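Open the model in your viewer and keep the selection tool at hand. Each stop below names what to select next.

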Protein chains: 4
Amino acid sequence: MSEDKLKLNDDKTGFLRKRGILERLDAGEVVIGDGGFVFALEKRGYVRAGPWTPEVNVEHPSAVRELHREFLRAGSDVMQTFTFYASDDKLANRGNSAVEIGCQAINQAACDIAFEIANEGDALVCGGVSQTPAYLSGKGKESCQSEFERQIEIFLKNDVDFLLAEKFMAPFLNATGKATAVSLCIGPQGDMHGIPTGECAVRLAHAGADIIGINCHFGPDECVEACRLMKKALDAAGIQKHLMVQPLGYLTPDASKQGFIDLPEFPFALEPRILTRWDCHKFARDAYNAGIRYIGGCCGVEPYHIRAVAEELAKERGKLPSASEKHGPWGEGLKLHTKPWVRARARREYWENLKPSSGRPFSCSLSRSDNWGVTAGDRYLLQKRENTTNEEMEDVIRFAELNKQAVIGDH
Amino acid sequence: MSEDKLKLNDDKTGFLRKRGILERLDAGEVVIGDGGFVFALEKRGYVRAGPWTPEVNVEHPSAVRELHREFLRAGSDVMQTFTFYASDDKLANRGNSAVEIGCQAINQAACDIAFEIANEGDALVCGGVSQTPAYLSGKGKESCQSEFERQIEIFLKNDVDFLLAEKFMAPFLNATGKATAVSLCIGPQGDMHGIPTGECAVRLAHAGADIIGINCHFGPDECVEACRLMKKALDAAGIQKHLMVQPLGYLTPDASKQGFIDLPEFPFALEPRILTRWDCHKFARDAYNAGIRYIGGCCGVEPYHIRAVAEELAKERGKLPSASEKHGPWGEGLKLHTKPWVRARARREYWENLKPSSGRPFSCSLSRSDNWGVTAGDRYLLQKRENTTNEEMEDVIRFAELNKQAVIGDH
Amino acid sequence: MSEDKLKLNDDKTGFLRKRGILERLDAGEVVIGDGGFVFALEKRGYVRAGPWTPEVNVEHPSAVRELHREFLRAGSDVMQTFTFYASDDKLANRGNSAVEIGCQAINQAACDIAFEIANEGDALVCGGVSQTPAYLSGKGKESCQSEFERQIEIFLKNDVDFLLAEKFMAPFLNATGKATAVSLCIGPQGDMHGIPTGECAVRLAHAGADIIGINCHFGPDECVEACRLMKKALDAAGIQKHLMVQPLGYLTPDASKQGFIDLPEFPFALEPRILTRWDCHKFARDAYNAGIRYIGGCCGVEPYHIRAVAEELAKERGKLPSASEKHGPWGEGLKLHTKPWVRARARREYWENLKPSSGRPFSCSLSRSDNWGVTAGDRYLLQKRENTTNEEMEDVIRFAELNKQAVIGDH
Amino acid sequence: MSEDKLKLNDDKTGFLRKRGILERLDAGEVVIGDGGFVFALEKRGYVRAGPWTPEVNVEHPSAVRELHREFLRAGSDVMQTFTFYASDDKLANRGNSAVEIGCQAINQAACDIAFEIANEGDALVCGGVSQTPAYLSGKGKESCQSEFERQIEIFLKNDVDFLLAEKFMAPFLNATGKATAVSLCIGPQGDMHGIPTGECAVRLAHAGADIIGINCHFGPDECVEACRLMKKALDAAGIQKHLMVQPLGYLTPDASKQGFIDLPEFPFALEPRILTRWDCHKFARDAYNAGIRYIGGCCGVEPYHIRAVAEELAKERGKLPSASEKHGPWGEGLKLHTKPWVRARARREYWENLKPSSGRPFSCSLSRSDNWGVTAGDRYLLQKRENTTNEEMEDVIRFAELNKQAVIGDH
């Protein structure tokens, strides 16, 4: 363990090793995760929507650094390396040129940045192992193994605090000796193979995960509900594991089983669904009440959302985050506003009861999901290195139109 | 003029002075402004909502620098110094401690950052002169004069390219010899004193403004409409001036005369109103068609919104912005998505026709504005150095409740 | 004057002639009109949407009689003969076979029924003179004259209490010696020829109308606002006339100049816009406060809507209608409900503050109007006796699709 | 069997007894029920909302007669006597004076009217046995028996074609020798005692019901789904029974287990939820596809809704109803409209795809239900002969406010 991962605890008199993720969770502490790098950096101009690959770590490290710092200031206890979709097969998919930089260079740059900012505070570094398109293409677990190993090699070399991965990777992680978190992108309806959400959790526990949870694909309500189902099933099986939840920064009451990707607004018209900070207060309280202690965010969750989580749980954590210096709880800063009717909004009951209007009277409140019903192995899901052709585009557009007909005649 | 404000023009063989704002507009070019610093940096944890003062320039310059750079990459031709509300009386209002840093230190730091990033590209630096609460408190123009002079002194010392200010400051600006833009925070209904929007433009022209326009308080539709009224009145008066428009990044069809500040969602629940990038395409085209050539954004406008403006006007400008490297026009990047139904969305007609749902079935589409009907000089608008007291809070809350009763019984 | 139009006034000691419409209005009394026969009887299965002609008077008199009786019980002081669109050219338009019954037979049957029910109470009979398609076909006033004369002949023969007609008929009516009401189907934006709403009222006054007002095409808010504009213009011209308002039973905040006909929901999907009885309370109060004393309804206004008007104005009128025997004010009957949470709704403040949800999360709150911009004389408006051909249908559908494209790209 | 219940079948050469309900259903025919009398006659001014008792049969028989006739013309094959809530204990509840007329006089008048109109066509008469408040008051089945017997006595005396009742009455009905339909006011979530919907159907089958189904409390989607669950359970149990469905004329996607009574709009602000005729086309097709052959409506279903059901199933039934003389399928009558853009709407694809707007931008699309969670036996549900007192009203209002607090903080 190198010196730069040591840090002076404020209330102690010397350099001390940071307390690890399990140490914190075992002590019953709330651990706050960070938010979504892919979507935030897409809006800032550094990540391309579609491939969503994280070459920005190498191309514009200061942009990644600044976002990490914002989350740290907002209260995040964990800096997750921005290594989503940094598997070599994804970096090469459908003409993506990021493969020229390559998985290992990206992961190393991501580790460098994450450690630098983590050490501006008391945060831990988590190595985020990415899924690979080889899986969706139906190539099976074996052919995915080398993709994982190349990623993990860098995390181990940098001695990250713990690893975070998806379902079927759990066995690989166990061999590393690191604490492991496994988080699923599913909702309360279970996974794409028909396995109920609770049963998924039990299987992950048996596969050796230390922390089990839900992230992405659904908004806070659905994710917390999914975690509740996990907890219930784990309790019923007599298993005790830490729970984590990192939902979208979007409301998705209308998402079907596959989550927000199927909503017609994904990914470029999700704005009306963005959570307010008050939605995050509610989320943090709901998650806490459900027994979840690792609480963060995924796509769409911005620093101010994480700050809201930290402010809601300030009492439980015994502290406010740095960024609260610029944010009174429940809008208190508005007491300094020049307009009196805005000063009248500087109170909890105002914001807690407000149902925000959309300003979009020609839009609906809910959407019908695309439901193509194709799963791993389907021809439409095969990944490839060549660009998408015009013929392929015409084919999928035609299929999409057909699907749309099916819901015609709805109210 | 110091060397760091010179720059190599791509098509020439030596160092050349950047072409000024009027030179560009006189040549019929589209000039793209930047977006909103106050709201973006509030969400990133550096600016306090309520006072909204820009001490972040001194406290966390890297955060301001990064945001400038994002706008530059998104296509902004102008770096406006982040000096909003940096007048000493505002920095001291109602207990704000930013007055200890002071207007001039903040403005100097803001200039340093703006010039640094402007010179990473071909952007100009605009000095943003801030309004002062002295005005709302009814102290009159004279007592405001020293507040303005302290601000402008720094801009002149740094030799900014041009100045941007509000209505009644126009006379002060003329004396500086700089090109001047004057932009009003009003909509199509005219100003708070009952002067029609078009007439406001004619008065500004007579007061010597080179560029006249509209910013903040309303979304794109209302701001472009207000500019149309300005153009019509200027044309009728036989005056030719450049027009600028920098609307909110929010939809505000329901805002009353005072704009979004009166909407109940201001400022902490505006999320469902956030523009999509496609709303910005429409805005850019509408503004261009209305004859406006200085097109940017205000509060809520993020870098990806500005990129959308630049992409919509790529043909007119003969170029795409740097950040488009990570963004195909009209969602083309989605051709690289793993899911076929998302690949089917990689086309203009999909996004242009989509009306995004809010995911909020328990919310409305429009809101009723607070309409206190108080104006400059009213006791409720008096500013002061002391914190807002509990008695004052109770008073404004009571008044707000009374106002709410008035719209009860609506459909 | 025949005996059957005499009636015992409750507070007098003998048979007395009913007091006429002007007598009542001159005395400052509130006169309550009836509601919409066309739409109500369409839903009951007796009137055909499209032609909208009133042959039901001859074919199923009991259905008309029952609806008149419901309005009488609900508080209507006037039984307007159901003679809308009973001009011979309309009865023959585009293959309509009702011309075989003919205008005069229909009007006679309508008079018979109206007098029968009026005499079950203290109601007056109003002869409704119908517009003719000859006008829209651009045939001019002269060619319309005989259409009017055939209608009016029956009303005079039956000695109706007063006549109600549209704009350009006013001169014909004056010659009859009857009191005349002239009501326009316009909103606050003025008529299709660009004449402001207020100016229309002044012209009607000069043409000799005794009662001037607004009906159909818009909901209560727009109709009352239009009447306000009329009153303002009449006051400015020093003219004193009685005002009448008979709005739709639908909310139409999004209707453009031509009103609800242009809304895409017209006429078969207007349900979500139907007024609640509480909307009618508000309407009645607004109308009364605007100085209007003849208050009724048009298409979509059902008996319970009229009862709500009568209940809101019970104090001003000194009485409740018969149908209130089965309706406590402001939901008082709910005190007898079996479920306690419904009993808790038996109070004014509950219903007055409720904003009713649509149960339609996949619908919008507002619509874009069809705006073909064609007016009298346009080839698309020519009427004819033959059925609409398939070619004509394809033509109008194509034109409608083109129009729809125009609003694409809206938010 | 008296002569007036015989009728000439069109395809036979003499007087023949009408074919009974089971004869029709056994032959695989679609039987169309009628709609909702309580809500329709409330709006027409003859029934009081709250007690909802049917004394109108005696007080204003022509109003009931006219509504029956409208349903007959719209295609109803069954005239259900309007005897809802005509049990003597309900007629006396909380000060209701209808008890002075009494259950048996009301039922006799209702039978007279139903037979009269049924014999204007080929319709059957169904005796509707009403639930009694004695049940909700927790008095048990025994104390309810005499209430039922007094009702049924009249139906048997008049020799109705079949009886329709609620769950626990099934045993009483069997003894009558009449065909029996038993319909539950539940949705897909099962009954208030936790019994799943499918299981309810199996129990009704065992109790001897000939026709089993769902009515009231929910809109078409939920009712058809509930019937699907019933069919699935009956199939699994190897039981074959006829299914019936008679949903509300309102959309209730947001209703909780107790249905629309718990929605805040019940009963005076349900307008925005009213079905369009096109919603009814969809309902009829869904119900038919689910294997249901007795298809009608309950509260809120008006004659034109039933006509839409009959028009959708015209091919299956081999005929159109009389009222279709005044209604072309899918809006064909609009071909006779004067305005060309309305003529362009005379086609199925226009109406089938239209999502109607509410015209209510300050309302939501969904509501939160009141969920008091009280059931039979709770003190709040006790019925009594005295009027509700002010103290009781204050108590329930207080409880309602408390309940409302519970959902505060929702998105």
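In which loop of chain A does P267(A) lie? Select P267(A): its loop runs between β9 (242–246) and α12 of chain A. Helices (H or I, at least four residues) and strands (E, at least two) are DSSP runs, numbered from the N terminus. A cis peptide bond joins F266(A) and P267(A), with omega about -5 degrees. Now switch to chain B. The bond from F266(B) to P267(B) is cis too, with omega near -10 degrees. P267(B) sits in the loop between β9 (242–246) and α12 (277–289) of chain B.

**Before going further**

This is a predicted model: local features need pLDDT of at least 70, side-chain atom pairs count only at pLDDT 80 or more, and totals for chains, interfaces and linings use all residues. Residues are numbered from 1 along each chain as its sequence is written, while chains are lettered from A and ligands numbered from 1 in the order in which they are written. The model scores ipTM 0.93 and pTM 0.92.

Colour chain A by pLDDT, the predictor's confidence in each residue, from 0 to 100. Chain A averages 90, and 91% of the residues score at least 70. Select residues 1–15 of chain A: pLDDT stays under 50 there.

**Chains A and B**

Show both chains. The contact takes 86 residues from chain A and 86 residues from chain B; two residues are in contact if their C-beta atoms, placed from the backbone, lie within 7 Å. On the side of chain A that touches chain B, α4(A) gives the most, with six residues. That side divides into 44 nonpolar, 21 polar and 21 charged residues. Here Ala, Val, Leu, Ile, Met, Phe, Trp, Tyr, Cys and Pro count as nonpolar, Asp, Glu, Lys and Arg as charged, and the others, Gly among them, as polar.

How is chain A laid on chain B? A turn of 180 degrees and a shift of 0.0 Å along the axis do it, with an RMSD of 0.0 Å. That is the relation of a two-fold axis. Select P272(A): of the residues of chain A, it comes closest to the rotation axis, at 1.9 Å (C-alpha). 100% of the interface residues of chain A are also interface residues in chain B, so the copies meet through the same surface.

**Helix α12 of chain C**

Move to residues 277–289 of chain C. 10 of the 13 residues of α12(C) are buried, so the helix is largely enclosed by the rest of the structure. A residue is buried if 20 or more other C-beta atoms lie within 10 Å of its own, exposed if 12 or fewer, and partly exposed in between. Among the buried ones are W278(C), H281(C) and F283(C). The buried residues pack against α11 (220–236), β9 (242–246), β10 (294–295), α13 (303–312) and α16 (348–353) of chain C. G291(C) follows the helix, with a positive phi near 90 degrees.

Select W52(A), between α2 (37–43) and α3 (56–59) of chain A. Its phi is positive, about 60 degrees, although it is not a glycine. Buried or partly exposed? W52(A) counts as buried, with 22 C-beta neighbours inside 10 Å.

Finish at D159(D), in the loop between α8 (140–157) and β6 (162–165) of chain D. D159(D) has a positive phi of about 55 degrees and is not a glycine. It is partly exposed, with 14 other C-beta atoms within 10 Å.

Terms used:
Copies are superposed by least squares on the C-alpha atoms of residues with pLDDT of at least 70 in both.
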